[in-house]
Amino acid sequence: MSALWRDPAGRLGVILFGVLLALAALAPLVLPDPRAQPDITHGTLLAPSLAHLLGTDHDSRDVLSRLASGGRVSLSIATGAVALSITLGALVGLVAGYAGGRTDAILMRLVDAALAIPRLFLLLLIVGVMQRVPLGVLIVTIGATGWFGTSRLVRAEVLRLCTMDFVRGAEALGAPRRRIVFRHLLPNVAGPLAAATTLAVGDVVLLEAGLSFLGLGVQPPTPSWGGMIFDAKPYIVTAPWISIAPGVAILLTVLSVNLIGEALERIAGREGLVA
Amino acid sequence: MTALLEVRALRVSFPATAGELRPVDGVEFTVSRGEFLALVGESGAGKSLTGLALLRLVPPPGRIERGSSLRLDGKDLLTLDSDELRRVRGGRIAMVFQDPGTSLNPVLRVGDQIVETIRAHSAKSAREARGRAEALLTEVGLGDAEGCYHSYPHQLSGGMRQRVMIAIALAAEPQLLIADEPTSALDVTVQAQILELLDDLRTRHGMAVLLVTHDLGVVAERADRVAVMYAGRIVEEAPTARLFAAPAHPYTAELLASLPRLRGPRAPLRSIPGAMPTPADWPTGCRFRPRCPRAFSPCTDDPPITSLGGGHQVRCWLAAPDSQAAP
Amino acid sequence: MTAWIRRRILQALVTFLIATTLAFFLMRLTPGDPLARLTEDKPLSPAAIASLRERFGIDQPITTQFVRFLSGVLRGDLGASIAYNGRPVTALIRERLPATLLLGGTALLLNFLLGVGIGVFQATRPGSKADRVLTVVSLASYATPSFWLGIVLATVFATELHWLPVAFMNEPYLVDAPFLERAGDTLRHLLLPALTLALVTFGATARYQRAAMAEALALPAVRTARAKGLPDWVVLWRHAWRNALGPMLALFGLWLPLLVTGSVFVEAIFAWPGLGTLAAEAIGARDYPVIMGVTILVSAAVVLGNLLADLLHRWLDPRLGAVA
């Protein structure tokens, strides 16, 4: 962790992400409730002011607090989905890499084929058919379509580690396979895996925003950044801040997460092995 | 012979966690026109860096320190602007590197790599340049010049590749050829051929050769003069015959003594105890002192350079005129 | 060498087939009624529904459907569109494909120019302020949602400044105009969407290029090129960059999905008559055969792209024994 702070890009990422996180978490305490509609006739499309830092939208809801709520939604979707895909990816990667042979070949063929379909389309095939999915299903679906790349990554790492002496030594000593996987392989895969996790979070935020923009992701009235951009389209000339704010929010979130992820990659590349 | 290249007080430093390291620390020598000078030393003595410094090719973050002086025909190399430097590189001083396998561009044909050098330094047309390239390939001993011209480096053997590198170096007719361990990556039989080639080319073109090597044996036959380098400094410099016959510096003496001999009585191989220090651990005073069999009290200070006449110089207290040295 | 090519092509084919199978079963097994849209507005009699189901072949057991589908794909028949009243999906795709290729191709070119330029520039001054700023810029490019950028650019340059047209591919009144005029008009319409797409994808290119170039600049062969007194730009491009191309080819596998995914949004925003808008419309209309058809096509493109990248890599590096 301290290594992350020392890396200048990583530090920027952590700070940025921390600010965004704080905003999302603390917002409901400080800002007006996004769902309350105090002044329907007079409060719509107000420009940014001290009362409403980012103005109000067409339903006279405070944009900043909607942004914060939307952020909470997006981040919880992202964490849930990524947790699922990283776990699946790591499992499959470990199994394929360590078991080798037929299992490996079959698994990797499937992974290659799945990777041939761009993730958005995979999601369209599922979510597009189901239409208006509940949040939980959305998270699981996104998570279930995101593990392929991770499994490739983990498998490559495992293959590399298996040629090293400490693994061979453990096998020679008769260690059971489960022990080798969890005690020896997994800790050493943790580094690149952590980097992949943070990058995956950014990808999911973008993906979810896109889906919401298409009307397939988070359903109204739950706020989401993608949905906010879609809603703001008709008013873009008269009230540009409603469109700009969520876009910038997405940008900064994914940027901060990617800065962290890249820094983690650099750190993982430098450190030695855990035997 | 007139001086072609004068090197004075050359220092190359690299930043390190605890201050700066100076792998080349006050190197001085002169190369005369058409002369064959060998720069000899162990790995890590700083000789390769010295060679690179002459062309200002020291890899960053290393740099040549202020106060160093490099003069080619009287012209200061360190103050050249980029255009002039470009003309010097290849055109006045050329370099042949150690491993021809990695030093040649793998994606370009051999002929193209020679031609681009020719055209960078002269106004020849494409056809003229090609003709000259093929002539060069023949001159360096590659029988099938046209075949080689169209080949990629990986299609040639190690010895052939090194010949190609020499051909490239000759392309713009330099006055000085620096050869950095040109034979270390090659078979022993090929080594002799390459060295003979270098010598031939030298006489034919009136070109000076600076051979950087760790192999004293290689030096004996061909070099006019030898400079011995130890821990960033030149410790002895002399005409070859003189150096071999009467080495003045204990390090040189030990080096010569440790060469295995075919004739003479059988005896265990001699070696010098210990190892050459790295730039981070250089001792104060004479750097050879910890390993020197003849070290004595003045050696804790930097030894002066003494001239022993006949072009023989040595950096050692034993040769200094007014020191109390045991004979 | 040719044995390797054959094996690689076979491998690509197998991957494509598995992907197609995966897509088919994924869609079919997802809960949801393919005919829902049609029955949404006006309730149909059971007989009408039954005949519709028969028409679109949904009444058969799933294995039969799959076999029919797969043989159709191999024949080039991707089924019939539900929303477009039975028009063959292949025809719809063929109509829209050129527009997408034009957009994608232009975006790729812009992406390449930007990405390579920035990446090489960064590699020549590593650690400098410009380098660090550009790294953040590259990451920001990747982090920008394409649909948002499209909206912003369209609003600024088209709606507000009136410099460029807002949507579509041509102005309809130019239908009979001479070719040059029409071409120029198309170009004007092309600029914003292509720029949008390029701006959100160049970041990845720049990062890759920077890394590949940094490695290449450290090669002994580049040191030799400098020692030969060659001009800086020759050393940079002819020697260093040529050796950096290999690792860059891996980008093909990255570009294609990025470009394809981005097109869906960008085309929708700019009403560019391509596959992206087709897909977006199909989503809204729940036209599953069309969605499926586009997915299959896109997957084929990705597989093909990777194959080409591998073949190119072989060809570019004479050391691997290719037909140089």
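In which sense do strand S8 (residues 176-180) and strand S9 (residues 208-213) of chain B pair, and over how many bridges? Select both: S8(B) and S9(B) pair in the parallel sense, over 5 bridges. Two strands count as paired here if DSSP finds at least two bridges between them. Helices (H or I, at least four residues) and strands (E, at least two) are DSSP runs, numbered from the N terminus.

Before moving on, a word on what you're looking at. This is a predicted model, in which local features need pLDDT of at least 70 and side-chain atom pairs count only at pLDDT 80 or more, while totals for chains, interfaces and linings use all residues. Residues are numbered from 1 along each chain as its sequence is written, and chains are lettered from A and ligands numbered from 1 in the order in which they are written.

**Stop 1: the sheet in chain B**

Axes are lines fitted to C-alpha atoms, for helices over the stretch in contact, and angles run from 0 to 180 degrees between N-to-C directions. In general, strands of a sheet pair through backbone hydrogen bonds, either parallel or antiparallel.

**Stop 2: a loop residue**

Next, pick B:Ala295, in the loop between helix H11 (250-257) and strand S12 (305-307) of chain B. Buried, exposed or partly exposed? B:Ala295 counts as partly exposed, because it has 17 C-beta neighbours inside 10 Å. The cut-offs: a residue is buried with 20 or more other C-beta atoms within 10 Å of its own, exposed with 12 or fewer, and partly exposed in between, with C-beta atoms placed from the backbone.

**Stop 3: two helices in chain B**

Show H4(B) (110-121) and helix H5 (residues 126-139) of chain B. Their axes are 9 Å apart, and the helices pack at an angle of about 120 degrees. H4(B) and H5(B) are therefore oblique to each other; angles under 35 degrees count as roughly parallel, over 145 as roughly antiparallel, 65 to 115 as roughly perpendicular and the rest as oblique. H4(B) passes H5(B) in a right-handed crossing. A crossing is right-handed if the near helix is turned clockwise from the far one by less than a right angle, and left-handed if anticlockwise.

To see who meets whom, select B:Gly111, B:Ile114, B:Val115, B:Ile118 and B:Arg119 in H4(B), which meet B:Ala129, B:Arg130, B:Arg132, B:Ala133 and B:Leu136 in H5(B). Two residues are in contact if their C-beta atoms, placed from the backbone, lie within 7 Å. The residues of this contact divide into 6 nonpolar, 1 polar and 3 charged. Ala, Val, Leu, Ile, Met, Phe, Trp, Tyr, Cys and Pro count as nonpolar, Asp, Glu, Lys and Arg as charged, and the others, Gly among them, as polar.

**Stop 4: chain A**

Colour chain A on its own: 11 helices and 0 strands. Buried residues make up 48% of its 275 residues. Pick H4(A) and helix H7 (residues 148-162) of chain A, which pack at an angle of about 140 degrees with axes 9 Å apart. H4(A) passes H7(A) in a left-handed crossing. Here A:Val111, A:Ala114 and A:Leu115 of H4(A) make the contact with A:Phe148, A:Gly149, A:Ser151 and A:Arg152 of H7(A).

**Stop 5: where the chains meet**

Bring back every chain. Which pair has the most contacts among the 2 pairs of chains that touch? Chains A and C. There, 37 residues of chain A are in contact with 38 residues of chain C, and the chain A side has 27 nonpolar, 7 polar and 3 charged residues. Over at the other interface, 24 residues of chain B are in contact with 16 residues of chain C. H2(B) gives the largest share of the chain B side, 5 residues. Chain A and chain B do not touch, and their nearest C-alpha atoms are 17 Å apart.

**Last stop: chain C**

Finish on helix H12 (residues 275-285) of chain C, where the buried residues include C:Leu275, C:Gly276 and C:Thr277. Just after H12(C), C:Arg286 takes a positive phi of about 50 degrees.
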